[in-house]
Amino acid sequence: MKTRWLAGLAAAAALLAGCGRAESSSDFYAMDTFMSVTVYGSKQETAQALTTSIEQEINALDRALSRHRTESEISALNAAEGMVVTVSDETYAAIERAVQFAEWTDGAYDPTTAPLSDLWGIGTEAPAVPAQADIDDALTRVGWQNIELFPDNRVCLHNGAQLDLGGIGKGWATDKVHALCADTLGVSVLARLGGNILGYGENPNSKEGTWNIGVADPDDQANVVAAVAVRDESVVTSGDYERFFEQDGRRYHHIFDPETGYPADSGLRSVTVVSADSTEADALTTALFVMGLDKGMAFAREHELKAIFVTSDKQIYTSPAMGAQYTFRGETAGYTDAS
Amino acid sequence: MLRKFGLRPGDWAIFACVLALAAAAGLPFLFAPAGALTCEIMQDDTLVRRVVLAEGYHDTITIKGETVTNVIEIDGKTVHFAQSDCPDQVCVRTGTLTRAGQLAVCLPNRVVVRLIGAGQEFDAVAS
């Protein structure tokens, strides 16, 4: 009888031999974008549990950090009309980092450009170039210096400023996903949080074990102009091609220059930053885009950032720190590798 | 001989069942075209269409949501959002999908079009 059971178990093991790698995937919508997470592991329960945890974590962050959700802490802060508001540890930490990035980039990244986004209406049904007087008025409420942080998680917005953490929100969420992955033994994860891609652990579908992430062609986003091999890093891209409108033959996109109140006219189509710190990468893609190629490249060199710049005249530049992780793939689409 | 291993004639029935189960599990892989490029269209959690792409195949799929309508065209081994009345037009601007791993999304209508298949060159595209 015992031998018979052993034989049965051996047969069952043979049946399952091809199923040694467990995989769990989830597609969902959060933070105003489409997200997709795939977890690979040796146990199905572990992969499934991590997938669920990731989705729950991101949804919780969305509820706390979105300025478009009336129940969020950011909405409460924006509605406080200059009064001091106490927020959670999580929200306070996110605001603190946003302010640090704004200071570091000398305002090229600024989490208070919401009045400009609302005024221009990009992505809405009626986007339009506003009157200069309206832009000037909106600019009086723009400026990261209007955010005042106090001890004990207290925050205050001055001069009618409105806080928008959309510029780092997905990066913040990506870092949370990264931390959840690191707390789970033996998993590999590919997380696509809108434009933020995280490749964690060893890619089971690659000989090298790295994740091959494409950088979209600004003129044809289904195709790529560059590729980056990563492991335990995120790849973040910001460009002028996703949300924009055209008026009188000119393109107006969603990345605003906080100095002028207009969409940044820096000669760039997109900026990609690769980093283990996705919040930083998120803020810096915006900042480097606003700075433009020369200033942005100098900033990237000075701080040893891994950055890819795609220019309006179809040149692709990379910072020295990018090194061999980068592969040029834009030849067919008419791009030139200028790095 | 069977007695030597403690096996009885009825045990062969168990082995036969296990082998049949293994064969059944492998059948779909045996007859599916290797690396077949497949288009999957989802709206929220609902599968709208899943089709293996082939030269000469044409289809137009209209997906109506609460406020937005998408028109998706399959043309041979390619697929794209041909029309959408969403405000941002991101789905239409994504362009034509031709390779496994590519996807296009209409956020307002919560429609995702993706190509699945072997030989996926990129794990994801940052855009």
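In the hairpin of strand 4 of chain B and strand 5 of chain B, which residue takes a positive phi, and how many residues lie between the strands?

Analyst: The residue is G76(B), with a positive phi near 65 degrees, and two residues lie between the strands of that hairpin. Residues are numbered from 1 along each chain as its sequence is written, chains are lettered from A and ligands numbered from 1 in the order in which they are written, and side-chain values use heavy atoms, leaving out hydrogens and water.

Strands (E, at least two residues) and helices (H or I, at least four) are DSSP runs numbered from the N terminus, and two strands pair if DSSP finds at least two bridges between them. Strand 4 of chain B covers residues 69-75, and strand 5 of chain B covers residues 78-84. These two run antiparallel, joined by six bridges, and one bridge sets N70(B) against S84(B). Strand 4 of chain B also pairs with strand 3 of chain B (residues 58-64), again in the antiparallel sense, over seven bridges. There T60(B) faces E73(B), and a hairpin of four residues links strand 3 of chain B to strand 4 of chain B.

How confident is the prediction here? The score to look at is pLDDT, the predictor's confidence in each residue, from 0 to 100. Strand 4 of chain B has the highest mean among the elements of chain B, 98, while helix 1 of chain B (residues 11-31) has the lowest, 59. Chain B as a whole has a mean of 85, with 75% of its residues at 70 or more. Chain A averages 94, but its residues 13-18 fall below 50. Where pLDDT is low, the predicted coordinates should not be read in detail. The model as a whole has ipTM 0.90 and pTM 0.87.

Now to the place where the chains meet. Here 38 residues of chain A are in contact (heavy atoms within 4.5 Å) with 36 residues of chain B. Together the chains bury about 3,200 Å², 56% of it on carbon and sulfur atoms; buried area is the accessible area (1.4 Å probe) that two parts lose on being put together, summed over both. Two salt bridges (a side-chain nitrogen of Lys or Arg within 4 Å of a carboxyl oxygen of Asp or Glu) join the chains. One salt bridge is between R329(A) and E121(B), at 2.6 Å, N to O.

Strand 8 of chain A pairs in the parallel sense, over three bridges, with strand 8 of chain B (residues 124-126), where I213(A) has A124(B) as its bridge partner.

Finally, chain A has an open sheet of nine strands with mixed pairing, in the order 1-2-6-7-10-13-14-15-17. Strand 1 and strand 17 (336-337) of chain A are at the edges with a single partner strand each, so one side of each has no neighbour in the sheet. Within this sheet, strand 2 and strand 6 of chain A run antiparallel with six bridges, and S36(A) stands opposite R192(A).

Methods
Predicted model: local features only at pLDDT ≥ 70, side-chain atom pairs only at ≥ 80, totals over all residues.
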